Structures are given as C-alpha cells and as structure tokens.
Amino acid sequence: MSELKPLKIGNYTIKIPIFQGGMGIGISWDRLAGSVSKTGALGIISCVGTGYYKRGAFIQKTIKKRPFETINFYSRESLFEIFKNARKICGTNPLGANILYAINEYGRVVRDACEAGANMIITGAGLPTNMPEFTSNFPNVALIPIVSSAKALKILCKRWEGRYKKVPDAVIVEGPLSGGHQGVSYEDCFKPEYQLEAIVPEVLEESQKWGNMPVIAAGGIWDRRDIDRMFELGASGVQMGTRFLGAKECDAPYYNDLMLRVKKEDIELIKSPVGYPARAIVTGVIKALREGIAPKVACVSNCVAPCQRGIEAKKVGYCIADGLGDGYLGDPINGLYFTGANGYRIEKIQTVQEIMDELMQ
C-alpha cells in the first residue's frame, strides 16, 4: 500500500493528497468543501451557479426563482458568503475553487474567487490558456488546470511560459469515467488509449519537461486500491468527486436520497449544451426529455459561452443551468443530476470524516 504523503503545491501543503472534486451547482459549497479541508485533504468549492446559494438570498434579480443573467448566476456576494462559511469549518487549511473555463465572465469569477480567499484555482471544461492573466494580483494563489491529454498540457505550458513566464503549479489529469463534462469526444470516452491508466504516464512525462509539477489523477477513482494504483503510475495525488455525493455534508441534500437508488444502467453519457459529452443519471429532466415532456428551454441565466445564449440548449433539449439549479433544489422532475461512472456504488451515506478514514486505512 502506498503511503499518502503530504503534497506541496505552490505555497501550500495539503496533508492528505486527496482533492474533493468541485461539483456544481451547489454540491460542493461551504459544508462539503469546508469539511473535506478540515480533515487535511483539499476541499474545493464549485463557483458555478452561486446565485442559487440559500435560494438566491444574496443576489439582485431572479426570474421565476432563477438567477437572472451571468452577474447573478455567478454571484460574487454569494461566493464570498460560501468561502466565509467554509473557512469557519476548515480554518486556515488550504481551500480550492473550481471554475469552468467555458463559463461567461470566466476572468471576473476567477478574480472573485481569489478575493474571496481561494488558495487554489482549478479549471477544466476547456483549455485555460489565459488563466494567469486574472490572478496576476494574487501571486500566492496556485493555478491548477485540468487536462485530458499530454498534448493539452504541452499547449498550455507553452502558452503560459511564452505569455506569462509561468507554468501550472500542478495539473489534474482526468479520465473519461468522471462525472459531468468529459474532455474528449463521446467515442473516445470508450477507447483504451483515453482511459486514466493510459494518460497518467503520458501527462507525467510531459509535466517533467516543465519542472516538477505534481500530477493529480482524476476520473473513476473510488477506493484505496484505486488511489494506490494511481500512485504506482506516478501520480502525486488523486481527485475524487462522486464518492462525496454520498457524504452527509453534501450541500445538495437530495443527492443523499437519490444516490442510494441509482443502478449502474441509470448512468449514461449525454449530450450537453457546453459541447462536451457529460455523464449523468437518467432521471429528472433527461428522463422527461426522452419521454417528450421536458420543459421549454428559455435562457435566463446566460451561463456558458458555448451555449450561445440558449441556441445549443435548444438543440439538446434542456438548459444546463436550469437543470443543475433544479437538481440542487431537489426537484425530481426537472433536475439534472451528474455523477461519475461509480455513482451506483454508493450504498450508504457517511460523514466526510468516515469516508476519509476509509480511504486512509
């Protein structure tokens, strides 16, 4: 069994080299991320859809209870409140923020997260070639992109080095068993050369050309055996999202009920308005869509750039902001529920500490 050694990233030391994946809308906010960081692992706050926090208590305008426009959907005030409450739980332990590159106002949200107190910014859903631009006033904040290939890391490092004289402080390599959006096409998700075991060594090799940045493996990691396997391949840490859908502290409480009922065949890759395949549970709005009874798509929140103000949402038949927002609110009819391929393995609801104890054994 591998020893789980503390992991140094930038100016921070993470005592237990396990990242909790950033899950939005509202799955990893103050309670979950704060509780994970409290254990010595890295809790990561999702910056998506913060306007839904406490049912919109901190935003200016809603339409039919939905955050209106990007400024409210990615609410600065809500994000500050989430960080403040997470800090009450984890104290000075490192705390991360997950911000999708595909969102509208990406740069603004990155700056908001830095000001709110994020120690690390994690970005996937696209290649964040200009990420350092938005953190120049925050030299202590560690920058961690998510990639799905060595080629992607090479492009990123070249661009950052050339423009900003900087390379990532660490990199997360994510395989196609993760929940939510994937970094490769639908077909490639099933090919052996794109699986995590194949891409970790390739990304590791590329990372060594750019200094000694830690490589964090993600996507389909479930238990200690999986963690040990990734360490044997050379990873310095792992990221786990789905496992924490079964945590009592999960900020979207409906997941605690839903995940105990999910079977393997309920989890599928679906088309998303973001333009990447996404792994979700076939229930709620996805089930309604297949039955021809999904609600009409109307763009209220203007959440992601690739959707082009609802054009792509109309093509796939659902709005991702509305679906995930309804999921956070626990709406079984209109909610959209993401999970990794292992979601069906959640058989009991545990505290974060119990999950961590199991992973540390």
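**Exercise 1. Find which residues of helix 3 are buried in this predicted model, and what covers them.**

Step 1. Apply the cut-off: buried means under 20% relative accessible area.

Step 2. List the residues that pass. In helix 3 they are Ser 78, Leu 79, Glu 81, Ile 82, Phe 83, Asn 85, Ala 86 and Cys 90.

Step 3. Look for the pattern. An α-helix has 3.6 residues a turn, so residues three or four places apart point the same way. Now compare Ser 78, Ile 82 and Ala 86, which are among the buried residues.

Step 4. Name the cover. It includes helix 1 (30-39), strand 4, strand 7 (95-98) and helix 4 (106-116).

**Exercise 2. Describe the length and the two ends of helix 3.**

Step 1. Take the span. Helix 3 covers residues 76-90, 15 residues in total. From first C-alpha to last it reaches 21 Å, close to the 21 Å expected at 1.5 Å a residue.

Step 2. Check the start. Here a side-chain oxygen of Ser 75 comes within 3.5 Å of the backbone nitrogen of Glu 77.

Step 3. Check what follows. Just after the helix, Gly 91 has a positive phi of about 65 degrees.

**Exercise 3. Work out the order of the strands in the open sheet.**

Step 1. Write the order. The 8 strands run 3-13-12-10-9-8-7-4, with parallel pairing.

Step 2. Strand 3 (18-20) and strand 4 (43-46) each pair on one side only.

Step 3. Neighbouring strands are turned by 25 degrees against each other on average, direction ignored.

Step 4. Zoom in on one pair. Strand 8 (residues 120-123) and strand 9 (residues 142-147) run parallel, joined by 4 bridges. Met 120 stands opposite Ala 142 of strand 9.

Key:
Residues numbered from 1 in each chain as written. Predicted model: local features only at pLDDT ≥ 70, side-chain atom pairs only at ≥ 80, totals over all residues. Heavy atoms only, no water. Pairing = 2+ DSSP bridges. Axes fitted to C-alpha atoms, helices over the stretch in contact; angles between N-to-C directions. Expected span 1.5 Å × (residues − 1). Buried < 20%, exposed > 50% of the residue type's maximum accessible area, 1.4 Å probe, protein only. Contact = heavy atoms within 4.5 Å. Polar contact = N/O pair within 3.5 Å; in protein donor to acceptor, adjacent residues only side chain to side chain.
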